[in-house]
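Hi,

Here is the structure I promised to send over. Have a look at it first, and then read on for my notes on what turned up.

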Amino acid sequence: MTMTTNINRLLSYLDELFPTAKCELFYNRDYELVIAVMLSAQTTDKSVNAVTPILFEKYPSLDDLNKAPLEDIEEILKPIGLYKNKAKNLKGIVKDLIEKFNYIVPSDKEQLMTLPGVGNKTAGVIRAEIFQIPDLPVDTHILRISKRLKLAKKDDEPIDVERKLKKIIPEERWIKSHHQLIHFGRYFCTARSPQCENCKIRDMCINYLK
Ligand code: SF4
């Protein structure tokens, strides 16, 4: 089977399984999403969603967050792990948004990536979610699935996989596919117990065939 056939089968299957997949992080304002995505590194959206409502209720504006004591932010972020570093990044993001970007989240990728704790993946998620700018950032789920389905090589880094997926998935589907692939990895093709016996594309999968 060709790569085009495989990708078309995967995309159809994702439409069947997760037709309305979308970002699962809670946020009301653009800067809240920036903070939530930064906080989600190496943890689950669910655990981030457990702390951000507390944080944003206690400190409801960028100015409030700017004035908040670092120790208090650390205390609120404690349950999500790496909290000292994440609290430091949060304070840095808030300061930069106020001082460098006049309280407005920039849409430019390079500018976003100057914010502490914001790398290529985080910037891509923010641009797609807030500005609807097509992007297909690769997280741990998308990395795993792409390798299982032979869309990427075993040693590929997320940035290599992002480049490969962007070549084979039409640009108008990048944002949707990003969310659908994450849902597929989170709820179906999980790291430890994928539902292989129910999977309609298992004939494409090295994880099933090996
Ligand atoms: S066969 Fe299993 S590991 Fe492979 S894509 Fe399907 S659920 Fe994932």
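**Notes on helix H10 and beyond**

Ile159 counts as partly exposed, because there are 13 C-beta neighbours inside 10 Å, and the cut-off for exposed is 12 or fewer. Before I go further, please keep in mind that this is a predicted model. Ile159 sits in helix H10.

With 15 C-beta neighbours inside 10 Å, Asp160 comes out as partly exposed. From Asp160 to Leu112 is 21 Å, C-alpha to C-alpha, and 48 residues in sequence.

Further along, there is Ile168, in helix H10, which covers residues 158–168. Ile168 is partly exposed, since 14 other C-beta atoms lie within 10 Å. Tyr208 is 40 residues away from Ile168 along the chain, and their C-alpha atoms are separated by 23 Å.

Pro170 counts as exposed, because it has 11 C-beta neighbours inside 10 Å. If you go looking for Lys109 from there, it is 61 residues apart from Pro170 in sequence and 21 Å apart in space, C-alpha to C-alpha.

**How H9 and H11 pack**

At what angle do helix H9 and helix H11 pack? The angle is about 85°, and the axes are 8 Å apart. That makes H9 roughly perpendicular to H11. For your viewer, H9 is residues 140–148 and H11 is residues 174–187.

On the H9 side, the residues that meet H11 are His141, Ile142, Arg144 and Ile145. On the H11 side they are Leu181, Ile182, Phe184, Gly185 and Arg186. Sorted by class, this contact has five nonpolar, two polar and two charged residues.

**Two residues with positive phi**

Next, a couple of backbone angles to look at. Asn102 has a phi near 55°, which is a positive value in a residue other than glycine. You'll find Asn102 in the loop between helix H6 (83–99) and helix H7 (109–112). Asn102 counts as exposed, with 8 C-beta neighbours inside 10 Å.

Gln132 is not a glycine either, and has a positive phi of about 55°. Where does Gln132 sit? Its place is in the loop between helix H8 (120–131) and H9. Gln132 is exposed, given 10 other C-beta atoms within 10 Å.

**The ligand**

Around the ligand there are 13 residues, and Cys189, Cys196, Cys199, Arg202 and Cys205 come nearest. How is that shell made up by class? There are nine nonpolar, two polar and two charged residues in it. If you want a place to start clicking, pick those cysteines, Cys189, Cys196, Cys199 and Cys205, which are among the nearest residues to the ligand.

**Domains**

Last, the overall layout. The domain assignment of the protein gives domain 1 as 3–22 + 135–209, and domain 2 as 30–118. How far apart are the C-alpha centres of domain 1 and domain 2? They lie 29 Å apart.

That's what I have for now.

Cheers

Technical notes
Residues numbered from 1 in each chain as written. Predicted model: local features only at pLDDT ≥ 70, side-chain atom pairs only at ≥ 80, totals over all residues. Near = placed C-beta within 6 Å. Nonpolar A, V, L, I, M, F, W, Y, C, P; charged D, E, K, R; others polar. Helix = DSSP H or I, 4+ residues; strand = E, 2+ residues; numbered from the N terminus. Buried ≥ 20, exposed ≤ 12 C-beta atoms within 10 Å, placed from the backbone. Axes fitted to C-alpha atoms, helices over the stretch in contact; angles between N-to-C directions. Parallel < 35°, antiparallel > 145°, perpendicular 65-115°, else oblique. Contact = placed C-beta atoms within 7 Å. Domains from an automatic or database assignment.
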